[in-house]
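The sequence and structure are shown first, and the description follows.

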Amino acid sequence: MARTFDSAKHEALRAFLIEKREKTGLRQVDLARRMKRKQQYISYVETGQKLIEVVELMEWAEALGFDPREAIKHLLKY
């Protein structure tokens, strides 16, 4: 089994989250404030230095205004 950090699904999730953030016009620091986290956390996720857990995905979805099931459906392609 491939390491999760290097998997196509992980890369696709990172790209998905970045796209969602950029479509809302938010900077990393803006999203971090919405999520009550440090900007460094957003950067770590977006650069692939940190895996995102299901509960965290739900937090991102709430902060960015999308249904977390949309992300999961997107990942089924990979």
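## Packing of α2 with α4

In the contact between α2 and α4, Leu31, Arg34 and Met35 of α2 meet Glu59, Trp60, Ala63 and Leu64 of α4, where contact means heavy atoms within 4.5 Å. By class, these residues divide into 5 nonpolar, no polar and 2 charged; Ala, Val, Leu, Ile, Met, Phe, Trp, Tyr, Cys and Pro count as nonpolar, Asp, Glu, Lys and Arg as charged, and the others, Gly among them, as polar. The model is predicted: local features need pLDDT of at least 70 and side-chain atom pairs count only at pLDDT 80 or more, while totals for chains, interfaces and linings use all residues. Residues are numbered from 1 along each chain as its sequence is written, and side-chain values use heavy atoms, with hydrogens and water left out.

The axes of α2 and α4 come within 10 Å and cross at roughly 110°; axes are lines fitted to C-alpha atoms, for helices over the stretch in contact, with angles from 0 to 180 degrees between N-to-C directions. The two helices, α2 and α4, are therefore roughly perpendicular, a class that covers 65 to 115 degrees. Helices are DSSP runs (H or I, at least four residues), numbered from the N terminus.

## Packing of α2 with α3

The axes of α2 and α3 come within 8 Å and cross at roughly 115°. Accordingly, α2 and α3 are also described as roughly perpendicular to each other.

On the α2 side, Gln28, Val29, Leu31, Ala32 and Met35 meet Gln39, Tyr41, Ile42, Ser43 and Glu46 of α3. The residues of this contact comprise 6 nonpolar, 3 polar and 1 charged.

## The largest nonpolar core

The largest nonpolar core has 20 residues, of which Leu17, Ile52, Trp60 and Phe66 touch the most other members. Such a core is a set of buried Ala, Val, Leu, Ile, Met, Phe, Trp, Tyr and Cys residues joined through side-chain atoms within 4.5 Å. At least two residues of this core come from each of α1 (8-24), α2 (28-35), α3 (39-46), α4 (54-64) and α5 (68-75), and α4 gives the most, with 5 residues.

Leaving aside neighbours within four places in sequence, Ile52 is in contact with Leu13, Leu17, Tyr41, Val45, Leu57 and Trp60.

Arg21 lies in helix α1. This residue, Arg21, counts as buried at 9% relative accessibility, the limit for buried being under 20% relative accessible area with a 1.4 Å probe and protein chains only. Not counting residues up to four places away in sequence, Arg21 touches Leu26, Arg27, Gln28, Leu31, Glu46 and Leu64.

Methods:
Buried < 20%, exposed > 50% of the residue type's maximum accessible area, 1.4 Å probe, protein only. Parallel < 35°, antiparallel > 145°, perpendicular 65-115°, else oblique.
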